[in-house]
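Dear colleague,

Please find below the structure that I am handing over to you.

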Amino acid sequence: MWVLRSLLRSVAGRTMSQGSAGRQRPPKDLLRHLRTREKRGASRGFGSPNTVYLQVVAAGGRDAGAALYVFSEYNRYLFNCGEGVQRLMQEHKLKVARLDNIFLTRMHWSNVGGLCGMILTLKETGLPKCVLSGPPQLEKYLEAIKIFSGPLKGIDIAVRPHSAPEYEDETMTVRQIPIYNTRQRRKGRDPSLVVAFICKLHLKKGSFLVLKAKELGLPVGTAAIAPIIAAVKDGKSIIHEGKEILPEELCTPPDPGLAFIVIECPDEGFIQPICENDTLKRYQEEADASVALVVHMAPESVLLDGRYQQWMERFGPDTQHLVLNENCASVHNLRSHKVQAQLNLINPNIFPLLTSFHSKEEGPTLSVPSVRGECLLKYQLRPRREWQRDAIITCNSDEFITEALQLPNFQDSVQEYKKNAQDGPAPAENKSQYPEIVFLGTGSAIPMKIRNVSATLVNISSDKSLLLDCGEGTFGQLCRHYGDQVDRVLGSLTAVFVSHLHADHHTGLLNILLQRERALASLGKPFHRLLVVAPTQLRPWLQQYHNQCQEVLHHVSLIPAKYLQKGAEIFDPTVETLISLLLETSDLEKFQTCLVRHCKHAFGCALVHKSGWKVVYSGDTMPCEALVQMGKNATLLIHEATLEDGLEEEAVEKTHSTTSQAIDVGMRMNAGFVMLNHFSQRYAKIPLFSPDFNEKVGIAFDHMKVCFGDFPTVPKLIPPLKALFAGDIEEMEGRKEKRELRLLRAALLAQESAGSPKDGVALQKRAHSGEPQSPQSKKARA
């Protein structure tokens, strides 16, 4: 018993020494806002929020699309959910867990590309219900995503079609207005339909003037005042001591129910139907409500059209107009820019500065009060109408650099790194630039502010490249990495490899396909299908989305990954032709796949170039012997390292690898170099380093660019990286220490109950010495 008491005293001492920061907080009640709403609704029906504002999440740029967040203290709403919207909301602290209504203006991937990931995240937060409103294909879209997401148990996803009656909650009434381009209208999937939303706030009653009531001798502070307050707030006069008191003497004026309109006009074919819509005309005439703001998701070609400009003018001079399109220059992913600017101080070639894709098209001068969208720009409807720019992102690289240079030991470690790099082998620029590996997404599960989900670009030559996985937001990452050169990169893309059908590995594919068609046209190149190597289960998802939502199948030639396994028999001559085309267009001697230990139908791949180099990609997997055999003597292994050492049991549960397991696979494979990626989002900036790190191991960051000549210098990055992220590493090591103490205490309790004091003494000594336990000992104990 003394062993246990001694250990507990040790644990208590450590916890107290950490102060209040070490105290365990009570678990967060994710559904408290729902209970509050139910209580409020039962007591007084629809409320009248004091604060309502609209905020730009994505300003319409090519890398981010257009999305709008609406806030009241009672409700949260999202208008459109393209790729990357969830990541932006997470970075800028716009609470995803409070979204119970998502409105979609049309069925196009630019508007719904992030919806699958958003739904899965809402499910994880415990939100019981979310309602989607918009085009009629939403039901079919939900059926399609279940092909790879599985049943969406635990959350009720309801669809409110555009033909449904208007929706009303505590904040506002929302009316859907379908608008058809009659020249293109067709059955089934309907690109000719957009849905506009007219949102009208509830009237907010005036505030009761307590001091004025006292001056008039009213019974303030007694039960008799309640009916008086209710009467004057309803606009009724009262009689007090024989004298009539008007409501305006005791109340501030009521806040009228202002309206705002969200409308998308994707091309000129929709202009006339919008101009002729009778419902919209009534709001222009203020017959139903005064329109405070109109949000226009429209390209410059629409805004330049005289008919559309006249339609905007008919709202009158008191209506503000917000424009969201590709001409809206705005930085969205600030944290990515910050981290990259700081990494760039260590090695500007491996960590190039980020850029943005901005349209060179000149915007028109509008005769109405209008504002171009910027990320986090607000328009407040209550308590007073005004634009608010205090939250708008400003990207100041000098601030980021100054912050890094002030960190302890950072400058010294950078100088030491540069000296060591110069003293080492010949630098990369003196060797072949290709193949060049660009890590576009190095995180797992969900997009986060520092690391996006899986995508790696392999530039085989200056005009040939290949994508290994393609998670949500991959195109946005390409835009931020290449800027105006993004079309050139898309034009050189010869193939995409999809390792498996988890959403974080393939939901960026459709945007790549759509943007590639646009890129080929802008480059003057003929359109041709993109080769996609993937599990055969990808086809039903593409087929369903194509049939019900948007035409995409003409973009793809699918090569089933199983036919690229060693010894696979191919009976389809079309597949044989596609495989030959894949090797020819990518300058590859061999493109081989193997099944790995993750989910069903999960693959890794090996690319063997005609010149002899070999790149192996693990996808998601536990340590896998088939991958080791396929990758023998690889020049480079890119292997997932989702979890830190010591979490082997969790890695088995989630079918992933730890850092040391990934390194061990590379050593058994005899790989020339190992790059670790696919880190759990608990390691937001940097993973914990393993003792197994050596001169053949590096860790990947988003937007990191390496070629084979960089291998000698990549391991030397570790000291400056540790200095740059010292605070994060210390925090993670603290969490690890607490976890190990919990495991040790559990082991002691088990030993105590088993009655083996000798082993307990050994464990207790280890606890006091602070000696870390090896993963093997933990596994054996478990």
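Predicted model: local features only at pLDDT ≥ 70, side-chain atom pairs only at ≥ 80, totals over all residues.

Residues are numbered from 1 along each chain as its sequence is written, and side-chain values use heavy atoms, with hydrogens and water left out.

**Overall**

The protein has 29 helices and 30 strands (DSSP runs numbered from the N terminus: helices are H or I of at least four residues, strands are E of at least two). Of its 782 residues, 57% are buried (under 20% relative accessible area; exposed is over 50%, and partly exposed lies in between, with a 1.4 Å probe and protein chains only). Taking contacts between residues at least 6 apart in sequence, 70% join residues at least 24 apart; contact here means heavy atoms within 4.5 Å. The protein exposes about 33200 Å², and carbon and sulfur atoms supply 51% of that area (Shrake-Rupley method with a 1.4 Å probe; for residues, only the protein chains shown count as cover).

An open sheet of 8 strands runs in the order 6-5-4-3-2-1-16-17, with mixed pairing (two strands pair if DSSP finds at least two bridges between them). Strand 6 (156–161) and strand 17 (386–388) stand at the edges with a single partner strand each, so one side of each has no neighbour in the sheet. On average, neighbouring strands of this sheet are turned by 20° against each other, direction ignored (axes are lines fitted to C-alpha atoms, for helices over the stretch in contact, and angles run from 0 to 180 degrees between N-to-C directions).

Strand 2 (residues 65–72) and strand 3 run antiparallel and are joined by 4 bridges; they form a hairpin with 3 residues between them. Within this pair, Leu 68 has Phe 79 of strand 3 as its bridge partner. Strand 3 also pairs with strand 4, in the parallel sense and over 4 bridges, and there Leu 78 is partnered by Ile 102 of strand 4. Further along, strand 5 (residues 129–134) and strand 6 run parallel and are joined by 6 bridges, with Asp 156 of strand 6 as the bridge partner of Lys 129.

Is strand 3 covered on one face or on both faces? Both faces are covered: Arg 76 and Leu 78 on one side, and Tyr 77 and Phe 79 on the other, are all buried. In a regular strand the side chains alternate between the two faces of the sheet. Helix 5 (residues 115–125) lies across strand 3 (76–79), strand 4 (99–103), strand 5 and strand 6, and runs at about 165° to strand 4.

**Arg 106**

Arg 106 is placed in the loop between strand 4 and helix 4 (109–112). Arg 106 is buried, with a relative accessible area of 17%. Its side chain makes a polar contact of 2.9 Å with the side chain of Glu 264 (a pair of N or O atoms within 3.5 Å; within protein, one must be able to donate a hydrogen and the other to accept it, and residues adjacent in sequence count only if both atoms are side-chain atoms). Beyond its neighbours within four places in sequence, the contacts of Arg 106 include Pro 135, Leu 193 and Pro 266.

**Nonpolar cores**

The largest nonpolar core has 82 residues, and Phe 591, Leu 676 and Met 704 have the most contacts inside it (a core is a set of buried Ala, Val, Leu, Ile, Met, Phe, Trp, Tyr and Cys residues joined through side-chain atoms within 4.5 Å). A second, separate core of 77 residues includes Ala 144, Ile 145, Val 486 and Val 532.

**Backbone features to inspect**

- A cis peptide bond joins Arg 382 and Pro 383, with omega about 5°; Pro 383 is in the loop between strand 16 (378–382) and strand 17.
- Another cis peptide bond joins Tyr 434 and Pro 435, with omega about 0°.
- Glu 241, not a glycine, has a positive phi of about 55° and counts as exposed at 73% relative accessibility.
- His 703, also not a glycine, has a positive phi of about 70°, but is buried at 2% relative accessible area.

With kind regards
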